[in-house]
Amino acid sequence: MKYNRTGKSGLLLPQISLGLWHNFGSVDDFKNGENIVKAAFDKGITHFDLANNYGPIPGSAESNFGKILKNNFQGNLRDELVISTKAGYKMWDGPYGDWGSRKYLLSSLDQSLKRMDLEYVDIFYSHRFDPETPLEETMMALDYAVRSGKALYAGISNYNAEQTAKATEILKQLGTPCLIHQVKYSMFVREPENGLLEVLEEKGVGCIAFSPLAQGLLTDKYLKGIPENSRAFNPNGHLQLEEISEEKIQKISALNEIAKQRNQSLAQMALSWLLKDNRVTSVLIGASSVNQLHNNIESLNNLNFSEDELEEIEKILK
C-alpha cells in the first residue's frame, strides 16, 4: 500500500480507503463485515470512513464498527487507524437532527463517539453545505470539535467549489485548517473537474473520492443486464434501476474492453483512473466480500495510463 500526503498536512492516507456506507449496517452479516475490515487492515488500509446515518438503520454501521474495534483493535492499534465520521444529513426527527447547525453537528459527534466507544475520531466532516445556516457557524462547530479533542482534523463533504473556497478560508482564520474534502467523483461523475480540484490544490486541501465505481456501474456486474443480487435490485441501495440505460451499458462495455487490454478488471481501471491525478489523495471503496476488497486493491498494480488510453476513455465518456 502506498500512502499519500493529505493536501499540505502531515497526515498520510492510504491510496485506497474503506467506506462503511454499505454492508455494515444492522441488516447485514456482522461477521462478514468484520472479516472485510480485518482483511483491509492486513492489506495496509488504515483509513475507515463512516457517517452518523450509515446503516440501515441509521447509526448501526458505527455501532457495528465499534464492536469490530473492540474485538480486534485494542490498545495501541487505535494509533494505527484513521477513523472518520460525518454529520449533515438527517439523523433523527425534530429540528436538531439535520443540516449544519452547531447544535446538530456537535450533538451528533458525541453520539457517534458513544456508538463507536471512542474518545476521538481522526476526521470529523460537515457532510453537506447548509444553505440556511451561516457557514461561519458550521465551520466554528468543526473548529470546536478539534479544539475539544473530539476530532483531530476537520473536513467537508459535498461542497461545491465556491462553498469550499469560503469554508476553507473561514477554517484557516479560526486556526483549524480544512484537512480534506470528500467528494463524489468517478468516470461517470466529473463535476469536481469544474473548478473544485483547482480550489483544493490552491488551498492545500486533500481530496478523497467516494462512489469511485458509480455505485457498482463501473464493474463487470452490469455488462449483461441487471443481476438480481446487484445494488440496483437492493431496496436499501442508492442505485436506481432507471440509471442503468442502454447507452450507459454500451459505455461500460467499451470501457471494459480497454480494461482488458490493461490486464485489469473494469473496477480496477476505474480506481486507477482516479488515482492518476495527484490531487486525489485516496479513493473510498465499498466491499461486500473479502474477495471484492482484494480485487479492488489490485488496481494499485497498474496506475499508469498512456495518452492513447486516456483519449480513448474520454471519447467513450462524452
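I began with E34, which counts as buried at 4% relative accessibility (buried means under 20% relative accessible area, exposed over 50%, partly exposed in between, with a 1.4 Å probe and protein chains only). I note that this is a predicted model, in which local features need pLDDT of at least 70, side-chain atom pairs count only at pLDDT 80 or more, and totals for chains, interfaces and linings use all residues. Residues are numbered from 1 along each chain as its sequence is written, and side-chain values use heavy atoms, with hydrogens and water left out.

I next looked up the partner of E34: a salt bridge links E34 to K31, with the closest N and O atoms 3.1 Å apart (a side-chain nitrogen of Lys or Arg within 4 Å of a carboxyl oxygen of Asp or Glu). K31 is partly exposed, at a relative accessible area of 46%.

I then searched the whole structure and found 17 salt bridges. One of them joins E62 and R115 at 2.8 Å, N to O. E62 lies in helix α2 and R115 in helix α3, so this pair ties together parts 53 residues apart in sequence. E62 is buried, at 0% relative accessibility.

I also recorded a salt bridge between E193 and R190, at 2.8 Å from N to O. E193 is partly exposed, at 29% relative accessibility. Through shared partners, salt bridges join R190, E193 and E314 into one network.

Notes:
Helices (H or I, at least four residues) and strands (E, at least two) are DSSP runs, numbered from the N terminus.
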